[in-house]
Structure formats: C-alpha cells, structure tokens
Amino acid sequence: MSYEEVALEDMVWTEELKAYTWECPCGDLFQITLEELKAGEEIARCPSCSLVITVLYDQEDFASSEDEEEETPVTHMSPVLAPTVVA
C-alpha cells in the first residue's frame, strides 16, 4: 500500500541522483528514475525505509523514440507539439 499519491510535476528533478524525488518522513528521499517512468513504473521508493509513494503522471509524456540520442528529464507536463514532416 502506498504512503501517499504525488503528482510528478510536484516532485523535484535531482540531477545528482538522475531521478525525480520527494521528501520521505524518515528524512531521505523517495526516488523514481526516467527509465522507470518510461517503463510505466508508478511507485517511487525510499532507499532508507519501507515506505513507497504512487507517482501520478501521464505515461505518454515519457514515450521515447528510438532516434533519441540523449535522455532529457521532463520538467513540465504541458503538451509540446512536434512539427509534421511531409515527404
């Protein structure tokens, strides 16, 4: 059972951990990585205790194409329209 539900946009991107984080009552940080989000994971775990939170987000925001060279964290959840290529 989840300790709490937290919207991803309320979490903080921590470059040092390469993860979105949220403060845990034990004093450590719940963490969820980009790879976990792209895989559809919605549980962020605290490495110091047994608590977990449910991360609320739209998985489509993390859909990746095989052409991506570098992963960039999503810093906001507003939709971005890509240009259409006409052949």
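**Close-up views of a predicted model**

**View 1. The largest nonpolar core of this predicted model.** This core contains 15 residues, and L8, M11 and Y20 have the most contacts inside it. At least two of its residues come from each of strand 4 (29–33), helix 1 (34–38) and strand 6 (52–56). In soluble globular proteins, nonpolar side chains tend to be buried together.

**View 2. Surroundings of M11.** M11 is one of the residues with the most contacts inside the largest nonpolar core. When residues up to four places away in sequence are not counted, M11 touches V6, Y20, T21, W22, I32, A44, I53 and V55. Y20, also on this list, is another of the residues with the most contacts inside the core.

**View 3. T21 in strand 3.** T21 lies in strand 3, which spans residues 19–23. T21 counts as buried because its relative accessibility is 5%, and the cut-off for buried is under 20%. The side chains of T21 and T14 are joined by a polar contact of 2.9 Å. Neighbours within four places in sequence aside, T21 is in contact with M11, V12, T14, L29, F30 and Q31.

**View 4. The whole chain, for orientation.** The protein has 1 helix and 6 strands, which follow the pattern β-β-β-β-α-β-β along the sequence. It has 87 residues, of which 26% count as buried. Of the contacts between residues at least 6 apart in sequence, 36% join residues at least 24 apart.

How values were computed
Residues are numbered from 1 along each chain as its sequence is written. This is a predicted model: local features need pLDDT of at least 70, side-chain atom pairs count only at pLDDT 80 or more; totals for chains, interfaces and linings use all residues. Side-chain values use heavy atoms; hydrogens and water are left out. Helices (H or I, at least four residues) and strands (E, at least two) are DSSP runs, numbered from the N terminus. Buried means under 20% relative accessible area, exposed over 50%, partly exposed in between (1.4 Å probe, protein chains only). A polar contact is a pair of N or O atoms within 3.5 Å; within protein, one must be able to donate a hydrogen and the other to accept it, and residues adjacent in sequence count only if both atoms are side-chain atoms. Contact means heavy atoms within 4.5 Å. A nonpolar core is a set of buried Ala, Val, Leu, Ile, Met, Phe, Trp, Tyr and Cys residues joined through side-chain atoms within 4.5 Å.
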